[in-house]
Amino acid sequence: MAPFATSRTTLLLSALLCVLLCSEVCVLQCGAAIGINYGQVGNNLPTPAQAVSLLSSLRVGKVRIYDVNPQVMAAFGGTGIELIVTVPNDLVQPMAASAGQAAQWVAANIRPYFPATRVTGVAVGNEVFTDDDEALKASLVPAMRNLHAALAQLGMDGYVHVSTASSLGVLANSYPPSQGAFTPECATLMLPFLRFLAETNAPFWINAYPYFAYKGDPANVSLSYALSDPYHVGAVDPYTHLQYTSMLYAQVDAVSFAAARLGYGGIPVYVSETGWPSKGDADEVGATVENARAYNRNLLVRQVGNEGTPLRPRQRIEVYLFALFNENMKPGPTSERNYGLYQPDGRMVYNVGLMQQQTTSATALSLAASSAPPSTTDVRKDFTSMFLFTALAMLLTSQAFLLG
């Protein structure tokens with residue numbers, strides 16, 4: 001009987017080890033599946049080296065920053081994290097007017113760090129198409145072309161996309177998604193922009209926040225739909241009969257339909273910013289820790305599952321959560337300073353499902369462990385892990401007894 005018992009025990013041990021290894025792989029995939037916006041509008045934030053150490057420990061694979069801060073650029077060197085950098089709005093017009101200015105910017109801000117710092121995208125300006133400055137809007141595509149030419153001269157155009165991040169305000173209509181259309185003011189500017197994206201195989205980046213739709217009309221907008229709850233019945237587009245369980249994914253498809261109306265339906269649409277505030281003013285309905293956790297966790301689950309939108313179900317969209325830290329110097333209502341997954345001292349605002357891996361980096365040691373209360377899901381996961389390890393120990397003891 002001993003040989004049979006030993007064989008059976010070995011099989012059980014192997015099965016348990018596979019479960020544990022799969023759990024570890026899932027943790028790694030969670031971080032790699034999602035992008036995060038790393039803003040720095042605060043006077044109490046960790047150093048760039050500490051922030052990058054945190055991102056690395058979370059195994060985050062994609063990050064977007066809002067400048068080309070030399071300390072930040074250097075800190076990402078050697079991490080393998082894909083980085084989107086930003087040309088500020090005040091440099092768009094000079095870059096459009098002078099190809100030399102664009103070449104100088106690339107030479108000073110990207111070339112010294114590339115390829116050790118894995119820059120994969122340059123956002124030229126932020127939400128330019130909805131800005132009031134007409135000269136700025138007219139300068140956007142010429143600036144993008146000059147920047148792309150500067151990258152091509154250095155042989156970097158095959159590695160670094162050039163695009164811009166737009167707000168959902170570029171759409172005159174976003175519901176139902178199939179009726180998505182750009183505003184008349186944007187449509188004229190969109191044609192040369194979409195042509196450039198198609199020519200250079202670059203994505204359309206959209207900043208989309210279902211939170212604003214819910215806050216603006218909580219009586220008529222379903223909270224579960226806004227939170228991208230995968231178990232919510234959602235909404236059906238009456239023209240395409242596609243079912244949407246996520247308002248964010250519906251907004252993405254609305255942009256795709258709007259681009260298709262102008263003849264550019266093949267351009268991928270990615271989410272350069274999205275998030276949900278964990279705190280707000282009295283009139284900011286829905287800005288709670290519970291909703292913020294649910295929204296970001298639901299998106300994380302969809303990303304890990306390689307989920308596409310109903311229009312493009314086989315093409316997983318890139319999503320960048322806003323933001324890594326709460327930033328205490330952002331102007332506006334209280335919500336603006338409470339989009340972060342982390343407090344500036346490194347404590348989690350809430351547990352979205354990302355798990356820090358052990359690191360030997362000294363800079364990470366000053367970041368405090370999470371003090372956020374665990375959710376029911378987190379407790380279940382902890383119990384499952386404890387059970388698996390206990391069972392493993394019991395089987396090892398049993399095997400030792402049988403062999404002895």
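**Barrel strands and their neighbours**

Colleague: Which strands make up the closed barrel?
Modeller: The closed barrel has 8 strands in the order β1-β2-β3-β4-β5-β8-β11-β12, and the pairing is parallel. Strands (E, at least two residues) and helices (H or I, at least four) are DSSP runs numbered from the N terminus, and two strands pair if DSSP finds at least two bridges between them. This is a predicted model, in which local features need pLDDT of at least 70, side-chain atom pairs count only at pLDDT 80 or more, and totals for chains, interfaces and linings use all residues. Residues are numbered from 1 along each chain as its sequence is written, and side-chain values use heavy atoms, without hydrogens or water.

Colleague: How many bridges join β1 to β2?
Modeller: There are 4 between β1 (residues 35-38) and β2, and the two run parallel. Within this pairing, I36 stands opposite V63 of β2.

Colleague: Are the faces of β2 covered or open?
Modeller: Both faces of β2 (residues 62-65) are covered. K62 and R64 on one side, and V63 and I65 on the other, are all buried, meaning under 20% relative accessible area with a 1.4 Å probe and protein chains only (exposed is over 50%, partly exposed in between). In a regular strand, side chains alternate between the two faces of the sheet.

Colleague: Changing topic, which residue in β8 partners S166?
Modeller: I206 is its bridge partner. Strands β5 (residues 161-167) and β8 (residues 204-207) run parallel, joined by 3 bridges.

Colleague: Which helix lies across β5?
Modeller: Helix α6 (residues 134-153) lies across β3 (82-87), β4 (119-126) and β5, at about 155° to β5; contact here means heavy atoms within 4.5 Å.

Note on methods:
Axes are lines fitted to C-alpha atoms, for helices over the stretch in contact, and angles run from 0 to 180 degrees between N-to-C directions.
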